[in-house]
Each structure stands twice: as structure tokens, then as C-alpha cells.
Amino acid sequence: MKPGLIYSAAWQTFQGDLVEVRISDRTIQIDDAAAPQMVVLQASGDPLHVKVIDNSENPLNVFRAKQAIFAFQSQPGLSAGSFADGPDDRYSFTATLNPTGSSPQIIFDGFLVTSDLSQPFQPDSQVVTLTASDHLGLLKETDVTTDTGDQFIGKYKLIQYIAAILKKTGLRLPIKVINNVKVGGGSITSNAVFFAPNLIAVTASNFYYKGMRIRVSGSASNDGEYTVTDTSVTVAQFLAVQNGPTITAESATGILIEDLASEKHLYDAIFVDALLFEKGIGAKVDGYEGLTKIFKENVCITEVKGEWWIYAPDEYDRDELYVSSFDADGIYQSRETTTALNKLLGAGQDHQFALADTELRFQRPHGFASETYRFEYPEEIPCNSDFSRGEAAEDLPDVTIEGITYTAKAFTIDCWEYAQHRNAGRPTDPATGNARIVRYYYNGQEQQRFIRLDGKIIPGSGGEVNSLKSQPLAVNKQDKITFSISTRWNFYDFADGEIAYPLSVELEADDGTYWALYEPNADGKGIWGLIDATGPQESILGPQLNENSLDATQWNSKNVESAGLPRSGNLYFYLRYDYSDDTDYQDFSDLRIEYLTFINGAYRSYGGLVYKVTRPLDQPGYLARKEEEVYMGNPPAPVIKGAMFIQTDGRNWLVDHFYKAHRFGLGPAPTPADVNTFGFHQAFAAWNQVRNTVRIFSGTVFGMRENWPDIIHKYQLTDANGNTNGRYFILTSLDQNWRSCQMAVTLIEVFVTDGKIYTDPYTLNYTTT
Amino acid sequence: MNKVQAKNITISLQVGLTYYPIICAKTGALSTDQEEIEITSINSGTDREYMPGMASHTLQVEGLTELTNVSNRISVFYLYQQSVRRSVHNLQIVLTDEEGDVLVLTCKGFVRTLTLSKQIGSFSSSGALFRITGPIGYSDVVGPPTDPLCEIADPIYALLAEGATSYTNVLLQAEGVEILGVWRSTNLAYTTGTPGNGQYSFDGPSGTIFLDPLNPINPGGEIIHVLYKVIA
């Protein structure tokens, strides 16, 4: 199917090219084989401008959203009102250069914006002005959700978030990326001693990290791929490995060890938990803010020639540009090395300054650049912790409480699994009953919400218990949790001394051991105990009710503060259906969990990390400062929003090893100093933009044919002068006139041939705020 | 000589399939205004630099006022009518030079200004100014002028062998060659027919200068000097 009504206008540019504008009414659809109704518009004398909306002169400004301003002459039946009704994506707008030529080029692709249509309220013929947007700005009115509108739950690749957000613009465009920060360090040559069954001793280096998947080649009998699970350094650096060939003893020299994560694009290798985009339990930030969190202080995004371009200004230097391609769904396609984005601008070139209105300005050099990564903790621990999300299951009988009759409904529970869980590692069987969110309504408003478990089973030797299991929570050793929950039954016949244990908290440690949280000891802290993976599920926490206690049919709370976790791993919460013979159901409510990370020797004492590059001490007097906040990084705790992971062997690993492959022609990092945290590379990328005096040129450029100047190009100004020689520039603003072939531009210097510096003083510190 | 007299310029407007002269025109003017785009750069020194920009054209006609389209001429009152005035028309300018060669310029335009004036003692005059939209077409491509030939060519010095009574050179075969002078030991005079002593004749098609057959080139040879020009 395709639009069946198309408004079109065409004109010739000053340089002799044909431009055609097509506005398609998407509410009228016809078969692909049918011919649409074409309505011809008379373009005005100044028919089309394409301009960047956000003209910030910060080269790292994330959004370079564009709009197209199209003007045509009104006539009876064709005016601004012809395009004023309907949803935001009713009228698609496409401008094409040389549409009937051998290589038509898309000048702009977007949608008309109703609020920006205008014309003089006078008799025809008047100039009607239509504005089309690439909808990047309208992402502020969308949520970070999947294509079907569902929540992202868990960890996804960065490109999956990026593609999902960009599709909310209504445009399904390919994605091009110029950003070659890579995970790991590429490859290294090392001597190695292989110890059966799973140790490799290598020359000590910061090349290695837990969770990396390596390819060994050049050994006599141990070539293959391995997963590194530990990188301890004692006498030498020992790599504990798994999921690889059986190691046989060998001493080898000059073997090549390649990091397979480095072979992927950053956006295809890095996973981030969807809680990065949390705006409260069950809610996500808008798409505009979502992209800001991913791109801030690293890359910019714009639309050029019908493609999304995500580009890192830090890579615009004298070397080639490396462009990776993804389709609209975020599937990696290819990578190319290109000089096609290089542009010469100056007298006698295809593009030259015109109208003698070029101004030269300067931005003063800075004293330091710092990027602050704040530790933000998710409110929703674990997923659906407030039991607000689930699909309608059934209507329940009305309930009367204290004389008030409530309508009751039952819902499924997102994120939680109800089954016969045993200890982690043992098989799980389906539950024998149901777990539901029960809501009571009065006059259509929710008055009460809780979890109800039913389907009691008599435990056998296998220790089967119906329990509601949470999503995993990644934890670090020594972290703590505090939580509270309330529970009740319809009936519980306690025997003397009998204790009900409706709650279980278990740790699946990275080292393969399993731990459970037990009742608090003398100091009031819940203690962790090693459990047998083959035994029954440990029932270890409860309100300690007995027949002499409070009424079990009323809500009773349990509050626990745990001791520090004994291992790193994944934590699971189980709401257990614990019962007596006449119990029909068990209810839970008000689950509250607080997670306390242990960082730098203290619990929750630090607010974030500051990556800072300063001018050397022998260069005083520079007072300008660049201070920005970033939202992704390498925190010490996996639960912190924006923590970056790789996935190896189906498991998520925190990763803090990155290198700027662009500097080395996409080859490996040549020295250990080139491998560092993501924040390090962000900080130096920002620093290298502000450490020198920056030249800024603003003026009019003439020359717009099929390879017109645009935001993504890299410019050299060929009018020889001390302010242009050896310098490279990018555009931060443009206003293209597609009749006169003139464009108003602002060019900012991003590179000068004395190169970039990666050795200025760099600090990484915790911040307390 | 292909000069164009003013009376041989007709400015017409198409009505239906026919072009009709506009007004009883006494004067007319076709004006083209070429905009300029300044491209002065930092290295332009003391002289500004420009490139041609967009062009705009107008066509103006003035003549005697006639009430109607008599004599197959467009009256100014015909042009005043809204349906005519607010339409884009095909316009034509026909120029005929004194040799009968014709150049036709065609374009589209619409009425921009109409004037009707009265002056006691003379006929009423009216005028129309048309804004031309789009380019002006030419019936024939007006090529650039040809390079002028240098009339007086480089002189020829040639050594003739003993006994020679003629001299041939391909340069002298060109159309329009006129011999200005021929010297042996003395300047020779031109003659038609068989040259005598001190004379020469010239045959253009063969490029040959004939000397007195009774007075051939002396022993040891002689240098002949030919000065000529080529008239285009």
C-alpha cells in the first residue's frame, strides 16, 4: 500500500538541478500498483529552506534536528488549511534533488507540523508556508518503549534502544554511525603458559577483563575461543577461562590474543539495563531524553539524505572516517572507510564563501573539562516491584469491607514467574495454582492492590513450593539490601512454635555457589548462608507468626536488613505460598526494597564519578571550564543506571575496558595506556575540543549540487590563512536555500594538525554529591 | 552589414495561435538585469570578486493609444482587462536587419504596468511594461565573432635556384591573398599576363608568382622576398 494523494511542486535551482517536493496524505492508501492522484503546487520564489533547529555552537550538542520550510502559492482549494487536519504523521514530506536523474538525492524526509503552517489571510494568490520536521524534536512526546509499545525490561544493546526510539519519529531510516570507541583493546601479542584444565598465564596487562571472549591463535595445541572469568594477578597474570577447548599444558611465545568484543561496533556490543530510562516505577523517559542519555558528550545525531547519521566530532580529523551501517531495526550491516565526507570550502571550490559576509570569531581555551556520571539507583527493584503491571485476567466477586462494597478484578503479574521453584539450579515445575494482582475498586478508582497466591501443594522430598520469583538483580559482593513486605492468609492454623516463612531471598553467585538470606542474628542483620543446590528451597524468612501472635488474617509486616553479600552475582526474591491445611490463599503487599551499594569502602556515600582532564600545571590562567553530566559509564556496581555490560555465554558482565580505534586506523590499541574506561575517552574527547582556541566561521556558502555541504561533512577551508591552515571544521548550523544554492552556515574547528593530546593530567574521583 | 533599424523590430503578444504587435509602438525596450554574487575571499587582495547571479528581464512598449485592437494590434485597453492582465502570455520580439536576416526572441511575461497619458497638442500615448518570467529564447544561436585574420602576413623569403622563372608557395593559395610586393634584387612591378623585365604576375589558385621568363634567376640563386596579406 502507498499514499493515494500526493501534492507536488518542482523547480530548478540556480545551479541547474531539479528539486521536487512531494507531500503525501498517508490517510489515503492505495495498492502499490495503482496510480496516486497528483495535485500540482506552484512553488513560490523562495520555495525551500532546510535548516538545523538547534544551532548550539557546542560541537558535542546531541541533536542537530532539521526542519524544511516550503512555500507555495495558494489558489482556490489549495492553502495552508489543506494540510491543517489529522495526526502528526498524516502528511509525509519529501524533497528530492534530481528525482528523475540517475542518482536522485533525498534533501529532506519528514512530516508536516500543523502548528507551523501559515499564510497571509488575504485573497489568493498568497505565499503558503509549510514546515516539515524530521520529528527528532517530537521524540519529547514519545516514550522509550518497544515497537509494540511495551516496556523494555532487562538489558538490551544500545542499538536496540536507538532504533526503537528513532522509529517513533515515524521514519524508518537506515542508521549510519561514525563512532569507533570499541570494547576492549582489540588484540595483543603475548607469551603464555597454558595450565590444564582452565588457566592461562600471560604477560601482565590491562588488556584483560572478566567476561571477555578471546580468540587464541599461534599456540601449538590451545588455539580457540575462551571466556575469561577471572584475571587475577599474583606472580603473573592468570586468566581463568571456560567455554573453550580443553587446555593442555603448553608454554608458547608470541601468541595472538584477540578480544572478540572489539570486532563488534560499540552499539552492537554494549548492553545497558532499560532502567537507565526509568522515570518512576513503570514509566520511562521520553525518547528525546533517552537518546540524550545514550549520546551525551560523545556523538550527535541528524538526518541527511534519508538516513540517520550518528557522528562523533572527536573523529573528525586528518584521518579517514569509518562509517558503520545499521538498518532501521538496528541490525548491523557493514562498515566502510570513506573520504567521501571530506569537503573543501573556499575560492574556486565547488563550495565557497559568498556575499562577503563571513565572520571569524574565537572560543577561548579552557582550563579543564569534566564529565560527571552520577550514581542513580532504580526505583523499580526488582522489575514490577510495585505490582502495577499486568494484563486483565478475570473479574472477581465483589468484596465488602467495613460496610463498603468493592469491585474486584484479577490481573497477571509482569516480570514475576509463579512456579514450583526449588533452590536455584534445580528444575522448576509449573505452579499448581495462580498468582494474580488483585485490585479493589470503588467508584472506578483503585483502592487497594495486593498479590494473591493460591494452589497449595503438599511438599514432597523434592521440596516443591509454589512461589513467585522475581527478575534477577545484579549485585556485588558486600552490597546490602533492606526490604519490607506485608503478608496475610485467609486462615492459618499455627501450631505452637510454628513459623510461617513466606519470603525467600537467594543469591546465585558468579562463582557457581548459592546462598540464602536467613533470619537476623543477634545484631539484627539477616545473615547469608551457603545452601545446597540440590536441596529444597530454603524457607528462611517470615513474620514469625504463631498462634500466640497477631491475627494471621491481617496484614503483618516483615522488615529485614541484610549483612553484606558474600559474593557477587544475581539476587532473586521469592514470595512463597506457605500455608496450613485450611489455607486457601496467601496475600502479599507493599514490597519495598532498598539496595545499598558498597563503593570505595562505604555504603551509598558516593554520588558519582568525575572524569576530569586539566591543563598542565605550567599553564596557568585558563579560567574557562567545561562541566557536563553523562548518563552511561563504568560504575563499580551493576545496579547503577547506565552501567555498561557485555554479554558472554548468556551472562551480563560489567565492562570498563574501551579504546578509541579510530586513532589507530581501527587496529588494536598499541599500548596499555590506550585502553581505559568509557568516561576517560569521553573526557578527552571533550577536552580536545576546548583545550585550544577554537575558530568559528559564520557566513554564506554558495554551491549546492548533488554533494551539497551538510552537517556530517568534514571541512577544510582552502582560503589560505593562519586561521584556516591545517584546521578541520564541522558545521553546527545551516540554512540551505534550495533555489539560490546559498546556505548560511556556522563552522567550528574540531581539529588542528598539531594533533590531539591524551597525556594531559587526568583524574577519576568519586563525588559525594 | 546587418544593422537593425528600429522600425524593423516588432514586439508581439500571442492571442490564440497568432502573435499580434503590442500597441502602435513607437518605442520599445528589452532590459535584462543580471544580479551579482560577491565571492570576495580573504585572499582577494584589493579587488572584490563576483560571479553572475540570477537574471531578471522586463519588456517595455510605448506607442499611440488605440481604443480597440484595430489593424491587428493589441490595444492597451485590451491589456487592462483583468483576465488578460493577470495572465502570463507568450511574447515575441522579431528583429530584421538590413540584409533581411531575422532573429526572433521568445519569452513569457505578464503585465506589470500599464500607462495611458494625455498631452495637449499630440496624440495620446500608452505603454505597457511586461515582467518576463523565465528565460528568453533565441531562434538562432548567436555565435561568437571569428578571430580576425592578421591582414599582412609574415613576409616570405625563399631562395630560388638558377633558371627558375616562378615561385609557388601553399601560403599564397589561401582565399583572399593579395600580393603587396615581390622583390628580387629590386622591387618588381605587378602585371597581368606574361611579366616582363622588372615585373611579376600572380596566379592565386596555384599560389604561384611568375617572373620574366626572359630574365630567370641568376646563377648561384637569388632570394625572392614576397610581402602579402590575406583579406577575410
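**Entry 1: the second largest pocket**

I began with the second largest pocket of this predicted model, and I noted about 1100 Å³ of space in it. I then asked which residues lie closest to its centre, and among the 30 lining residues I found these to be A:Gly45, A:Arg739, B:Ile132, B:Thr133 and B:Gly134.

Next I looked up the elements that give two or more residues to the lining of this pocket, and I listed β1 (2–12) and β4 (42–52) from chain A, together with β3 (24–38), β4 (50–64) and β7 (125–138) from chain B. Sorting the lining of the second largest pocket by class, I recorded 15 polar residues, ten nonpolar and five charged.

**Entry 2: the largest cavity**

I turned to the cavities, of which the structure holds six of 30 Å³ or more, and I wrote down a volume of about 100 Å³ for the largest.

For the lining of the largest cavity I found A:Asn688, A:Gln689, A:Arg691, A:Asn692, A:Thr693 and A:Val694, along with A:Glu749, A:Val750, A:Phe751, A:Val752, A:Gly755 and A:Lys756. Two elements of chain A, α4 (678–690) and β51 (742–752), each supply at least two residues of this lining. Which element gives the most to it? I found that β51(A) does, with four residues. By class, I noted five polar, four nonpolar and three charged residues in the lining of the largest cavity.

**Entry 3: the second largest cavity**

I recorded about 70 Å³ of space in the second largest cavity, whose lining I listed as A:Asn179, A:Val181, A:Asn298, A:Ala312, A:Asp314, A:Glu315, A:Lys660, A:Phe678, A:His681, A:Gln682 and A:Ala685. Here α4(A) gives the most to the lining, with four residues, and I noted that α4 of chain A also supplies at least two residues to the lining of the largest cavity. The classes in the second largest cavity came out as four nonpolar, four polar and three charged residues.

**Entry 4: chain A as a whole**

How many of its 769 residues count as buried? The share I wrote down was 56%.

I also looked at contacts in chain A between residues at least 6 apart in sequence, and I found that 72% of them join residues at least 24 apart. For the surface, I noted that chain A exposes about 30600 Å², with carbon and sulfur atoms supplying 46% of that area.

Notes. Residues are numbered from 1 along each chain as its sequence is written. Chains are lettered from A and ligands numbered from 1 in the order in which they are written. This is a predicted model: local features need pLDDT of at least 70, side-chain atom pairs count only at pLDDT 80 or more; totals for chains, interfaces and linings use all residues. Side-chain values use heavy atoms; hydrogens and water are left out. On a 1 Å grid over the protein atoms alone, a cavity is a set of points where a 1.4 Å probe fits but cannot get out, and a pocket is an open set with protein on both sides within 12 Å along at least five of seven lines; lining residues have an atom within 4 Å of a point. Grid points are joined across faces, edges and corners, and a volume is the space filled by probe spheres set on the points. Ala, Val, Leu, Ile, Met, Phe, Trp, Tyr, Cys and Pro count as nonpolar, Asp, Glu, Lys and Arg as charged, and the others, Gly among them, as polar. Buried means under 20% relative accessible area, exposed over 50%, partly exposed in between (1.4 Å probe, protein chains only). Contact means heavy atoms within 4.5 Å. Accessible areas come from the Shrake-Rupley method with a 1.4 Å probe; for residues, only the protein chains shown count as cover.
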